[in-house]
Protein chains: 2
Amino acid sequence: MPRIRHKSLDCSPGCVVEGALALIGGKWKGVVLYHLLQEEVLRFNEIRRRLPNVTPRMLTAQLRELEADGFVERKVYPEVPPKVEYRLTRHGMSLAPVIAALKAWGDAHIDLEARVKPSAKKKAA
Amino acid sequence: MPRIRHKSLDCSPGCVVEGALALIGGKWKGVVLYHLLQEEVLRFNEIRRRLPNVTPRMLTAQLRELEADGFVERKVYPEVPPKVEYRLTRHGMSLAPVIAALKAWGDAHIDLEARVKPSAKKKAA
DNA sequence: GCTTATAGTACCTAAAATGATACTGTGAAA
DNA sequence: TTTCACAGTATCATTTTAGGTACTATAAGC
């Protein structure tokens, strides 16, 4: 997904829309937020199991960005084997209506069986 | 923004969230949709003027994708100089609650003066 | 005759974002 | 003793996305 990173956000008033999208627009951020909204607390591999196609590299990256943006909190237990819990911060929870709107729209308009979206132009194999 | 394009969307139920994000996650799609929701009809250069930093190349690309995804309708008038109108389709209008949620969240949580977002890691110049 | 506006296109490049694969150290379970 | 799970890293390559600049045709306005 395109990270939106204009130096100047001078496309007001609509640009907060872009700004919001930039924050949750990582390839897996939406689902991660969704699951954390559902489950309160999840460990790294618990999230991973819910996202069958994510690589640990990507999941780490997405979680770190969500953490940097203040949406999730990462709690490391000094145990062996390692134990790390992820949960939403208050700021992260404020995204609930956004995620809910996306979910509602998706449920109503996305056909999961048709696994390829129109604009995903793929050359005829 | 990362286009989401897994071959199999088997991360249900949360993955419609990703699916939805993939559709509106182009760098300028959010703002374009926002403005079209506000104004009903806009011509190419009218949109362009509302997005000070967009290049015609990018704007065309975003509009074409929105069109391919069935969100906007492109109406060409066979005139000279050219006249092309863009407006939302019914499908595009169904995104209204999503855009509204993004806008509301952004208005509440994004500081437009602080032009750089936390996760936009930029090396100290 | 020159400039402007319209709605783009073409070509090239740079910068992100994503992906594949292999690997780490430790303790417990088999 | 070998294997497993945990929570990641490291390294590499590929794919996408975005941006820059220049250019098109035509008619109207000056």
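In the predicted model, strand 1 and strand 3 (residues 83-88) of chain B pair in the antiparallel sense, and 3 bridges connect them. Within chain B, Leu42(B) is placed opposite Tyr86(B), a residue of strand 3. This pairing belongs to an open sheet of 3 strands in chain B, which are arranged in the order 1-3-2 with antiparallel pairing. The edges are formed by strand 1 (41-43) and strand 2 (72-77) of chain B, each of which pairs on one side only. On average, and with direction ignored, neighbouring strands of the sheet are turned by 30 degrees against each other.

Helix 2 (residues 29-39) of chain B lies across strand 1, strand 2 and strand 3 of chain B, and runs at about 90 degrees to strand 3 of chain B. Helix 4 (residues 56-68) of chain B also packs on the sheet, where strand 2 and strand 3 of chain B are touched. The direction of helix 4 of chain B makes about 115 degrees with that of strand 2 of chain B.

Helix packing also occurs between the chains. Helix 2 (residues 29-39) of chain A packs with helix 1 (residues 15-24) of chain B at an angle of about 145 degrees, and the axes of the two helices are 8 Å apart. The crossing of helix 2 of chain A with helix 1 of chain B is right-handed. From helix 2 of chain A, Lys29(A), Gly30(A), Val31(A) and Tyr34(A) meet Cys15(B), Val17(B), Glu18(B) and Leu21(B) of helix 1 of chain B. The residues of this contact comprise 5 nonpolar, 1 polar and 2 charged.

Note on methods. Residues are numbered from 1 along each chain as its sequence is written. Chains are lettered from A and ligands numbered from 1 in the order in which they are written. This is a predicted model: local features need pLDDT of at least 70, side-chain atom pairs count only at pLDDT 80 or more; totals for chains, interfaces and linings use all residues. Side-chain values use heavy atoms; hydrogens and water are left out. Two strands pair if DSSP finds at least two bridges between them. Helices (H or I, at least four residues) and strands (E, at least two) are DSSP runs, numbered from the N terminus. Axes are lines fitted to C-alpha atoms, for helices over the stretch in contact, and angles run from 0 to 180 degrees between N-to-C directions. Contact means heavy atoms within 4.5 Å. A crossing is left-handed if the near helix is turned anticlockwise from the far one by less than a right angle, and right-handed if clockwise. Ala, Val, Leu, Ile, Met, Phe, Trp, Tyr, Cys and Pro count as nonpolar, Asp, Glu, Lys and Arg as charged, and the others, Gly among them, as polar.
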